[in-house]
Amino acid sequence: MTIAMFLAFVIATLGITVWSAKKNTGSSAYFAAGRSIKGWQNGLAVAGDYMSAASFLGISGMIAFFGYDGFMYSVGFLVAYLTVLYVVAEPLRNAGKYTMADLLAYRLKARPVRAAASLSTLTVSTFYMVAQMIGAGVLVSTLLKEYTWITPNAAIIGVGILMIVYVIFGGMHGTTWVQIVKAVLLMTATFILSFLVMREFDYSFVKFFDAIASLTYEKGGVEVTKNFLDPGMKFGAAATAAGGGWGPLDLISLGLALVLGTAGLPHVLVRFYTVPDAKTARVSVVWAMVIIGTFYILTTFLGFGAATLLKPHLITNENMAAPELSHFLGGDMFFAFISAVAFATILAVVAGLTISASTSFAHDFYTNVIKHGKEVSQDTEVKVARIAAFFVGGISIALAIKLQTINVAFLVGLAFAVAASANLPVIIFSVFWKRFNTTGAVTGLLVGLFSSIILIVLSPSVMGIDGPEVAAAKRHLIQMEAIFPLTNPGIVSIPLGFLAAFLGALIKREPESEAKFAEFSVRAHTGLGAEKAHDH
Amino acid sequence: MSDKENKSAEDKEMWERIAARPEFDSLLAAKRRFVVPCCLFFLIYYFALLYFVGWHLDLMKKPVFGKINVAYLFALSQFLMAWGMAWLYMRKAATYDKAVAEILKSETR
């Protein structure tokens with residue numbers, strides 16, 4: 001049953017890919033869907049690109065295990081879109097073409113800026129993608145456990161091949177529609193699941209919240225009763241003291257990375273190139289916020305529903321809370337549907353990541369760094385992107401298989417932290433600060449990128465001493481006391497990124513960049529001369 | 001970028017002419033007056049939640065409606081805040097669009 005639903009989704013999306021392959025004539029069609037996507041469609045696609053398995057499965061599970069503190073992720077993921085709406089979306093659409101680096105390179109020296117921006121884009125996308133694929137491996141093999149040949153490795157390879165096919169043949173058109181279909185499926189599934197949870201409580205919020213507030217379950221063989229609405233079960237001082245964490249400061253650091261990182265995630269940014277103009281980009285952010293916000297509010301029902309109806313100690317693991325809840329409430333058939341939705345969720349996100357990474361490689365690195373921005377025909381650029389998509393996919397499959405034991409949350413945290421520390425400072429400075437220059441952009445990107453990577457390597461996510469009883473899959477990579485106390489580096493690396501970009505810009509004045517600020521500013525704020533939509 | 005290198009002097013003059021116009025200046029000033037305080041507001045409102053959840057647990061655990069506590073209501077209010085700020089921006093941005101249209105209209109004349 002489950003496998004039939006999986007196949008139905010795969011066949012439907014391959015159909016979309018074949019259909020959209022016909023539209024891929026020229027680079028604007030391949031990289032930006034001909035800039036012909038409507039506002040509400042792009043809103044759905046942004047939501048589909050963003051609500052990853054980490055959201056659907058991860059947050060539900062986090063709330064089921066840690067109550068209120070898990071809900072903090074839900075809040076951060078939505079508020080983050082205000083940064084996208086207020087600061088980034090419109091200037092990006094107005095002044096750029098295909099990638100984040102277009103915006104940065106506009107008035108700066110193209111080669112060093114694009115090389116650094118491409119490095120950071122590829123890093124963010126690869127880490128994010130490897131996280132999704134490891135998750136996919138575990139998830140698919142657990143969901144389809146009656147088929148023993150579907151091991152995590154087989155699932156990773158399968159997901160990887162599908163995403164490569166979507167991107168190489170479907171381009172941005174195909175990817176967009178896969179994301180739209182996924183967003184609709186995910187929202188439908190979430191509404192039905194929330195409704196079924198409330199049915200168990202006779203549709204009474206009073207009964208539901210009463211049950212959350214006095215939840216009795218087993219912990220370490222002892223029966224305990226806890227109020228799951230109370231904060232502090234994950235980020236509280238008491239909860240983290242055992243691990244030597246800094247408690248609430250970790251929450252602030254995570255919050256910073258979420259709220260400032262989203263506006264620097266390349267796969268989110270490229271979505272705004274698919275609409276005809278900046279006004280539509282703005283409308284699509286608002287659509288995305290309505291969908292994403294509704295979804296994250298509903299995680300209340302998924303997460304607390306799983307906690308109250310299944311009891312935390314009876315859920316197999318954090319990621320299985322939502323699927324197991326669906327099995328409990330709706331039986332085999334509904335479980336199969338929810339599992340297929342989770343699968344669709346992963347596929348749509350990895351396809352979005354693959355296309356943003358390969359576009360950045362072809363457009364930023366190949367055309368502008370290797371070929372010095374000299375004439376590269378549209379066909380060549382698309383061809384390079386397709387080859388890059390193949391390699392990005394292949395490398396991600398290999399990394400995901402190799403790194404299977406790594407903590408997935410750490411990879412996603414890294415992606416957000418790099419996006420916030422490396423990408424956002426240079427985006428903001430290049431749009432709003434006349435004096436900003438090439439040196440500032442390169443130092444900002446590199447310092448943001450490397451400081452977040454180094455701090456994560458030194459953090460308790462990677463470093464820690466495990467006793468012999470800890471299973472191989474859960475052991476820390478480096479068996480030493482962590483040097484940096486926070487699991488998320490944001491609170492240090494984001495200010496460092498801003499500071500490096502600022503100080504770098506002060507080193508030397510760059511008259512060319514300042515001279516071009518007038519033109520850039522007019523373009524960014526009025527949309528004059530912006531890339532136009534193409535008809536098919 | 002080759003098309004950028006070939007940009008004619010005429011184009012350059014147009015960009016600078018628009019940038020120098022008082023209407024363009026007042027558009028940027030209007031944006032700044034609205035966007036900067038709004039961003040400060042939502043950042044402060046968001047980090048206030050994290051601050052209170054982190055360091056003022058007793059207050060956050062107080063029940064308000066039945067078992068629903070301050071913490072949950074504060075978190076829920078973040079969603080309404082985000083949607084409200086988005087709506088506010090949409091409304092305000094319509095006036096920017098108008099100002100941009102005015103500037104471009106007189107430019108192409």
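A residue is called buried if 20 or more other C-beta atoms lie within 10 Å of its own, exposed if 12 or fewer do, and partly exposed in between, with C-beta atoms placed from the backbone. This is a predicted model in which local features need pLDDT of at least 70 and side-chain atom pairs count only at pLDDT 80 or more, while totals for chains, interfaces and linings use all residues. Residues are numbered from 1 along each chain as its sequence is written, and chains are lettered from A and ligands numbered from 1 in the order in which they are written.

A:L92 counts as buried because it has 24 C-beta neighbours inside 10 Å. A:L92 belongs to helix 5 (residues 68–95) of chain A; helices (H or I, at least four residues) and strands (E, at least two) are DSSP runs, numbered from the N terminus. Apart from neighbours within four places in sequence, A:L92 is in contact (C-beta atoms, placed from the backbone, within 7 Å) with A:L103, A:L269 and A:F272.

A:S451 sits in helix 17 (residues 438–457) of chain A. With 22 C-beta neighbours inside 10 Å, A:S451 is also buried. Beyond residues up to four places away in sequence, A:S451 touches A:S421, A:S493 and A:L496. Its C-alpha atom is separated by 9.7 Å from that of A:A417, 34 residues apart along the chain.

## Nonpolar core

A nonpolar core is a set of buried Ala, Val, Leu, Ile, Met, Phe, Trp, Tyr and Cys residues joined through C-beta atoms within 7 Å. The largest one has 221 residues, and A:Y81, A:L104, A:I292 and A:L347 have the most contacts inside it. Helix 14 (residues 321–370) of chain A gives the largest share of this core, 26 residues. Leaving out residues up to four places away in sequence, A:I292 touches A:A47, A:Y50, A:M51, A:F77, A:L78 and A:Y81.

## Packing of helices 8 and 14

Helix 8 (residues 152–200) of chain A packs against helix 14 of chain A at an angle of about 145 degrees, with axes 6 Å apart. Axes are lines fitted to C-alpha atoms, for helices over the stretch in contact, and angles run from 0 to 180 degrees between N-to-C directions. By class, this contact has 26 nonpolar, 8 polar and 1 charged residues. Ala, Val, Leu, Ile, Met, Phe, Trp, Tyr, Cys and Pro count as nonpolar, Asp, Glu, Lys and Arg as charged, and the others, Gly among them, as polar.

## Hairpin and loops

Strand 1 (residues 215–219) of chain A pairs with strand 2 (residues 222–226) of chain A in the antiparallel sense over 5 bridges; pairing requires that DSSP finds at least two bridges. A:L215 stands opposite A:K226. The two strands form a hairpin with 2 residues between them, and A:G220 in the turn has a positive phi of about 60 degrees. Strand 1 is hardly covered, with 0 buried residues among its 5.

A:A33, not a glycine, has a positive phi of about 50 degrees and is found in the loop between helix 2 (27–32) and helix 3 (39–50) of chain A. A:A33 is buried, with 29 other C-beta atoms within 10 Å. A:K311, in the loop between helix 13 (278–310) and helix 14 of chain A, has a positive phi near 70 degrees. A:K311 is partly exposed, with 14 other C-beta atoms within 10 Å.

Conventions: Contact = placed C-beta atoms within 7 Å.
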